[in-house]
Amino acid sequence: MQQEAAQRESEELQHVQWRPRAVSGWGVPQLLWYLVFLQPIITEVHLRRRNVQFLFIRFSAWQYAGTDKLWAGLVTTLCEGIRHHYGALPFSVYSVLGNKPATRQDCCQSEWHCRRRVCLGLLALLAALGLGVGLLYLSLGGHALGHGSPSGSLLKVFGGAATTLSGSGLLMAVYSVGKHLFVSQRKKIERLVSREKFGSQLGFMCEVKKEVELLTDFLCFLEIYQRRRLRVVLEVTGLDTCYPERVVGVLNAINTLLSDSHAPFIFILVVDPSILAACLESAGNMKGTADNGYLFLNRTVTLPFSVPIMGRRTKLQFLHDAVQSRDDLLYREMTRKPWLPGDAGGESAQLLAVQAQAGTERGQGRIDAEAARRIQEALFCLHDERDCLYEYVPDNVVSMRRIVNTVPITVRLLQLQQQQQQGDFGGPTPRQAVAWVVLANQWPCRLSWALQCLEDRQQTGGAPEGRARLWDVFRDNSRELHTMTKALQNVLDLDGDPELFERFLGADFPFTVAEAQSLLRCTVNLDHSIRRRMGLIRAVSALKPPSPPKSPTRDTPHAAHRANSASRAPLSGRASGQAGEGHHAGDLAHRGKLWPVACALFRPGQSSPGGP
């Protein structure tokens with residue numbers, strides 16, 4: 001924007017004879033003269049000007065997040081920024097004696113018009129003051145010469161009255177300018193905000209609107225005076241860290257300031273649109289207005305600009321800068337304070353202590369040198385363009401610094417673990433250590449799931465071999481993770497691209513189970529509560545409710561039905577002939593235990609359904 005403004009300024013000055021006026025240094029007296037005695041006129045020449053000057057004011061919403069009215073902080077920051085840039089005196093004089101720029105319909109090209117009323121009023125006050133002083137001088141001079149008379153007393157009275165009236169008028173103007181000089185607009189608005197129940201006062205918003213209109217008119221005056229267009233650019237940051245109600249208040253204040261088509265304000269919202277849309281949708285006072293936060297933002301934002309994906313060279317440069325900011329961990333050797341033996345021991349004891357201390361220092365120096373070398377090698381893998389690791393680092397600068405800050409700690413812990421177990425510097429390499437840090441930073445949910453499944457298999461006695469790949473463990477249990485997406489939705493949102501995760505573990509960095517277990521003990525950037533939550537969900541889902549016991553009352557009708565069916569077969573066999581009597585008799589003898597139950601189903605005197 002500054003380059004655009006400079007280019008427009010040079011192009012404009014090539015076609016005109018005038019030059020912009022200064023508002024600082026020796027240009028302040030001239031500015032005060034124009035403020036008091038001249039009125040600006042908006043002409044066609046002024047409207048055709050293309051040269052522009054940008055005034056940047058940064059507003060951090062996080063600094064005002066604790067206030068009830070965050071938008072009031074926005075207005076006060078705007079007023080304070082303009083007051084600080086142009087000075088308190090010019091704005092105070094304009095607040096008291098300034099006049100709003102006028103628009104003329106004729107073809108007059110003059111941008112300034114003499115304020116006759118101000119000039120005549122000031123001349124009248126000065127004339128009255130001079131007349132009063134003269135009358136007082138005459139009356140006092142005649143009284144000193146001994147010519148006391150009623151006319152001398154009358155001159156004294158008129159002279160005192162004229163001096164008092166004219167002097168009081170001038171003093172009131174000076175007092176008003178001094179009041180605005182020491183009591184800024186920011187203090188006025190803060191005083192209104194600090195009052196109890198200021199929201200219920202009918203004149204509160206009116207007062208704030210008046211202050212904003214005064215600020216806008218002052219900027220319009222400076223546009224004509226400087227012979228260039230002025231645009232105040234407010235950089236609003238930290239809005240996505242505030243409460244939803246505060247976010248709504250700031251957006252409403254922005255819409256209010258931009259409601260005037262001639263307002264010289266440009267707002268740059270540096271926010272995450274997804275968080276801002278969620279805040280608008282969850283705000284209680286926006287129901288029905290911002291049910292869809294993205295549509296509300298489309299109605300507010302006139303120039304959406306999404307930061308493009310960071311290129312390869314830019315990412316490598318940012319990673320290099322982040323690594324260079326941690327040179328204290330790379331090149332500083334940790335030294336211990338030497339231990340001095342006491343005076344109680346003899347010379348032999350002191351000699352042994354010094355020799356032991358020298359051996360300890362040499363060993364510690366070797367360890368620190370090796371640690372610095374491994375840390376430097378690990379961080380070099382991050383911004384090495386010949387390595388593929390930088391492709392998995394996110395474009396967020398904060399995430400880059402988080403990874404860079406975690407790598408030295410992980411490498412030192414890994415080195416300490418290897419010393420305790422093996423006594424040398426074997427085990428995972430520095431490249432594997434930094435790759436593990438990136439893995440835990442980018443996919444904490446999927447990595448925690450693979451580690452939890454591995455831990456559960458070890459507890460049940462079916463642990464895979466140490467040479468097995470961690471990706472195979474995750475792939476074998478990925479269907480179960482899919483069933484838990486609703487319970488782990490907030491945790492899954494932390495993960496990056498799933499396809500990159502598959503390529504990371506499956507091809508570029510195929511960590512084995514043994515390497516994962518070794519690196520897990522040195523991992524500091526992975527939230528272990530995620531694994532505990534996953535283990536609890538798996539344990540609950542594995543529980544099967546016991547089958548209910550069979551009730552005897554429920555089995556009785558079925559047994560009776562089976563007995564009734566068994567009794568029907570021999571009874572119907574009798575009616576069919578003698579050929580089947582022997583067979584049916586054997587069936588009846590075999591089912592003798594069911595016959596009493598079948599007989600109990602019929603009342604006395606009732607015929608069987610199979611025959612008479």
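Me: Which residue stands opposite F265 in β6?
Reply: In this predicted model, V232 stands opposite F265.

Me: And how many bridges join β5 to β6?
Reply: Strand β5, residues 229–237, is joined to β6 by six bridges, and the two strands run parallel.

Me: What is the strand order of the sheet?
Reply: The sheet is open and has three strands in the order β2-β5-β6, with parallel pairing. Its edge strands are β2 (52–60) and β6 (265–270), each of which pairs on one side only. From one strand to the next, the twist averages 20 degrees.

Me: Which strands does helix α4 touch?
Reply: Helix α4, residues 70–86, packs on the sheet and touches β2, β5 and β6. The direction of α4 makes about 135 degrees with that of β2.

Me: Back to V232: what does it touch?
Reply: Leaving aside residues up to four places away in sequence, V232 touches L55, I57, L78, I82, L219, P264, F265 and I266.

Me: Which residues have the most contacts inside the largest nonpolar core?
Reply: They are L78, I82, Y86, F221, V232 and L239, in a core of 60 residues. A second, separate core has 57 residues, including W471, L492, L505 and M534.

Me: Changing topic, how many disulfides are there?
Reply: The count comes to zero disulfides.

Me: What about C220, buried or exposed?
Reply: C220 has a relative accessible area of 18%, so it counts as buried, the cut-off being under 20%.

Me: And C453, buried or exposed?
Reply: C453 is also buried, because its relative accessibility is 1%.

Methods
Residues are numbered from 1 along each chain as its sequence is written. This is a predicted model: local features need pLDDT of at least 70, side-chain atom pairs count only at pLDDT 80 or more; totals for chains, interfaces and linings use all residues. Side-chain values use heavy atoms; hydrogens and water are left out. Two strands pair if DSSP finds at least two bridges between them. Helices (H or I, at least four residues) and strands (E, at least two) are DSSP runs, numbered from the N terminus. Axes are lines fitted to C-alpha atoms, for helices over the stretch in contact, and angles run from 0 to 180 degrees between N-to-C directions. Contact means heavy atoms within 4.5 Å. A disulfide is a pair of cysteine sulfur atoms within 2.5 Å. Buried means under 20% relative accessible area, exposed over 50%, partly exposed in between (1.4 Å probe, protein chains only). A nonpolar core is a set of buried Ala, Val, Leu, Ile, Met, Phe, Trp, Tyr and Cys residues joined through side-chain atoms within 4.5 Å.
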